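I opened my notebook to work through this structure one look-up at a time. Each entry says what I looked for and what I found.

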Amino acid sequence: MAKKVGIEVSLAVAEAAKLANADVVAAYPITPQTHIVEHLAELVANGELDAAYIPVESEHSAMSACLGSSAVGARTFTATAGQGLELMHEVLYVASAMRLPVVMAVANRALSSPLSVWGDQSDVMAVRDTGWIQLFVENGQETVDNVLCAFRMGEDPRVLLPVMVHLDGFYLSHVIEAVLFPEQSQVDKFLPPFKYPLPLHPDKPLTMGAFAMPVLYSEVKKAQEVNLEAAKEVILECWGEFGKLFGRNYSPVERYRSDDARVLLLTLGGFSETAMTAVDRMQEEGREVGLVRLRLWRPFPFAELRQAVKNAEVLIVLDRAISFGGPGGPVCSEVRSALYGEEKRPKVIGFVGGLGGRDITPAGFEEIVNKGIEIAQKGSDKEFEIYGVRE
Amino acid sequence: MESYAVYVPRLVTKKENFAPGHRACIGCGEALAVRLACKALGQSVIIANATGCMEIVSSPLPYTSWRVPWIHTLFENTAAVASGIEAGLKIMMKKGRIAQKEIKVVAMAGDGGTSDIGLQALSGAMERGHNFLYLCFDNEAYMNTGIQRSSSTPFGAATTTSPAGKVSIGQVSWKKNMPAIAAAHDIPYVATACPSYPFDLMAKVAKGAAIQGPAYIQILSPCPTGWRFATNLSVRIGRLAVETGMFPLYEVENGTYKLTLDFPKLRPVADYMKLQGRFRHLPEEIVKQIQQRLEKEYAKLKEKAR
């Protein structure tokens, strides 16, 4: 029987990697991700997880070691956050371009300077274009389920891409939640051992990571784009299969009380649960406000997003990262661009908030909605609003 | 002395795992060194190669010179990639996911990829004790990007970023002692080699590959393009580097130093320098200063090897 336990979500992530029977974990400590790799180290030390644990000397080496172990066909897991993700930056591109399905949990964190170990999504947005499949989860159960799904999605021979599972630093990574862990036998059925089609091995010598002249580089990059785009089918299939086996269903775009809502909020990650509380309150007051949450960030779910917001008049997007000197938050930019070609589309209003661990309460979301509606009606001379900041 | 003589007939495998047709410059000492190393390594290896000359000349898509499994990812991370390969193979064999087999993991990089940008990853991999062989092909500058100085460039050498000028003699720092840094990690095997001594090079590579645990070999790779000497002189230049004490050949086995070639008296360094454009600008007093330093360093090395 699957059992439900109260557990810190970071530890639950490690337990999920154990259920996935990861072969190699290469990791470096960084707040707020550390509990994940600490627990993995514990599991390996106690013989509960038969894996090689490589305690590397930096995140750059963590991801580099992951490239090596994945290239020989080992199921590979790591976790990081904030500065660690940025230090990995160039290595992330290699993982996706070389088709190495590493799975990484990212406990999203703000970027220095000033130093902040607290949560926001600046780290993710800086690695948006690295070619990884990227998922945002909002609670402990979803985290565990999607770490398992991440292995299956990435390792599918039609995909072979690395996957990031984003969970909010502290707000999700450090909370204790009730999580239902599936039975090992069920997981094994869902996730058979990794079989990399072209591993590095002396029996069949391969050259991996050759360089490309201009005459070939564009073709390689196009192939990568086609591949990531096509991965969406497999992602949907994977979630479908997961739903059948475990009874929990996931989709690229989550809709919450949004069907008749004229005003929609759009969020990513754990703040969505607070936004739901705000939506409940506002609907109780008879206001037509709903919520849309992106679970799948890459490949971007264009069709599902358009479908989800097509009847709304105002769409208020909350970003937890700033594109300095630009159009506001990266999420808002992308949403606007996804809707630009639509004949009927909501007005898109951008907010940036919740930076560096600054909380947004249900009342805060109501404030954002009110201000958003006001801007939609009266217009604004600013490209975006920064919420909850002292002048 | 047999392994140091070139003209003694002996059996060496004809099998080339580093195939001809690559795009190295004429007279490239590094390509020769890689070729010899690959002969010594045999088939059962996986090579992780850093960005650099050898990576570029050997792997233009869709061609490859590698007849053994080979991976290139980035510049500074080769030792970390090798760590992952080694750990991955080991656990997969333990779990029965792949057949048990002796597979040596070999990391290759240039001197910049080793002693500058890749030093941290290398130090980490040596400290963790991975079972791998690291080969540093030392041509004493960033040759792939056009002869920029590295921390392995010798004192006085002119490079494009340490040019000799009216008020500069070129490189103003002494060559970083990378083998000593490797040895300070207390790894089982450290050695220096040079393709001008091909049998010695092959023997050291084979020895390093056979050892359990980290092994580090620094291979002086004369570069006609970057050092500015005639392309037919690569082997001779390598010999002169060894004979003048510019690049002494030695091994450090479990902390014990052993000179491979012990010269009672070093040949004057001017013999080595005068053949190379990179040293041509140096006034006599600087050459003298270098000579003194070499003698001092060589004496220190001899002392360690006593």
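**Entry 1: chain B as a whole**

I began with the secondary structure of chain B, which comes to 11 helices and 10 strands. I noted at once that this is a predicted model.

Next I looked up the overall size. The C-alpha trace of chain B spans about 65 × 45 × 40 Å along its principal axes. The radius of gyration of chain B is 19 Å, and a compact globule with 306 residues would have one near 19 Å, so the two agree.

How much of chain B is buried? Buried residues make up 54% of its 306 residues. I also checked the contacts in chain B with a separation of 6 or more: 68% of them join residues 24 or more positions apart.

**Entry 2: a hairpin in chain B**

I picked out strands E9 (250-253) and E10 (256-259) of chain B. They run antiparallel and are joined by four bridges. I looked for the partner of Tyr250(B) and found Leu259(B) in E10(B). Two residues lie between the strands of this hairpin, and Asn254(B) has a positive phi near 45 degrees.

**Entry 3: helix H5 of chain B**

Which residues of H5(B) are buried? Across residues 119-128 I listed Ala121(B), Leu122(B), Gly124(B), Ala125(B), Met126(B) and Arg128(B).

Then I asked what they pack against. In chain B, the partners are helix H3 (78-94), helix H4 (111-116), strand E4 (132-138) and helix H6 (178-183). The buried residues of H5(B) also pack against E3 and H3 of chain A. Just after H5(B) comes Gly129(B), with a positive phi of about 80 degrees.

**Entry 4: where the two chains touch**

That took me to the contact between the chains. Chain A gives 39 residues and chain B gives 39 residues. On the chain A side, the elements with two or more residues are strand E2 (24-27), strand E3 (52-55), helix H3 (59-71), helix H5 (89-97) and E9. H3(A) has the largest share, nine residues. By class, I wrote down 25 nonpolar, 10 polar and four charged residues for the chain A side.

I followed E9(A) further. Two bridges join E9(A) to strand E2 (70-72) of chain B, and these strands run parallel. Thr207(A) stands opposite Trp70(B) in E2(B).

**Entry 5: Leu206 of chain A**

I then looked up Leu206(A). It sits in the loop between helix H8 (184-190) and strand E9 (207-208) of chain A.

Why is Leu206(A) classed as partly exposed? It has 16 other C-beta atoms within 10 Å, and a residue needs 20 or more to be buried, while 12 or fewer make it exposed.

Setting aside neighbours within four places in sequence, I found Leu206(A) in contact with Leu198(A), Leu200(A) and Pro69(B). I also checked Leu206(A) against Val309(A). They are 103 residues apart in sequence and 47 Å apart in space, C-alpha to C-alpha.

**Entry 6: two domains in chain A**

Chain A is divided into domain 1 (3-246) and domain 2 (255-386). Their centres, taken over C-alpha atoms, are 28 Å apart. The contact takes 27 residues from domain 1 and 19 residues from domain 2.

For the domain 1 side, I listed helix H6 (122-126), strand E6 (133-136), strand E7 (163-168) and helix H9 (214-246) as the elements giving two or more residues. H9(A) gives the most, with five residues. The domain 1 side divides into 13 nonpolar, eight polar and six charged residues.

**Entry 7: the core and a sheet**

I looked for the largest nonpolar core. It has 222 residues, and those with the most contacts inside it are Val147(A), Leu148(A), Leu265(A) and Ile316(A). Both domains of chain A give residues to this core, so it lies between them.

I took two of those residues further. Beyond residues up to four places away in sequence, Leu148(A) touches Ala16(A), Leu19(A), Ala20(A), Val187(A), Phe190(A) and Leu191(A). Ile316(A) stands opposite Ile349(A) in E15(A). Their strands, E14 (314-319) and E15 (347-352) of chain A, pair in the parallel sense over six bridges.

Last, I traced an open sheet of six strands in chain A. Its order is E10-E12-E11-E14-E15-E16, with mixed pairing. Strands E10 (253-256) and E16 (385-386) are the edges, and each pairs on one side only.

How values were computed. Residues numbered from 1 in each chain as written. Chains lettered and ligands numbered in written order. Predicted model: local features only at pLDDT ≥ 70, side-chain atom pairs only at ≥ 80, totals over all residues. Contact = placed C-beta atoms within 7 Å. Domains from an automatic or database assignment. Nonpolar A, V, L, I, M, F, W, Y, C, P; charged D, E, K, R; others polar. Pairing = 2+ DSSP bridges. Rg over C-alpha atoms; globule rule 2.2 N^0.38 Å. Core = buried A, V, L, I, M, F, W, Y, C linked by C-beta atoms within 7 Å.
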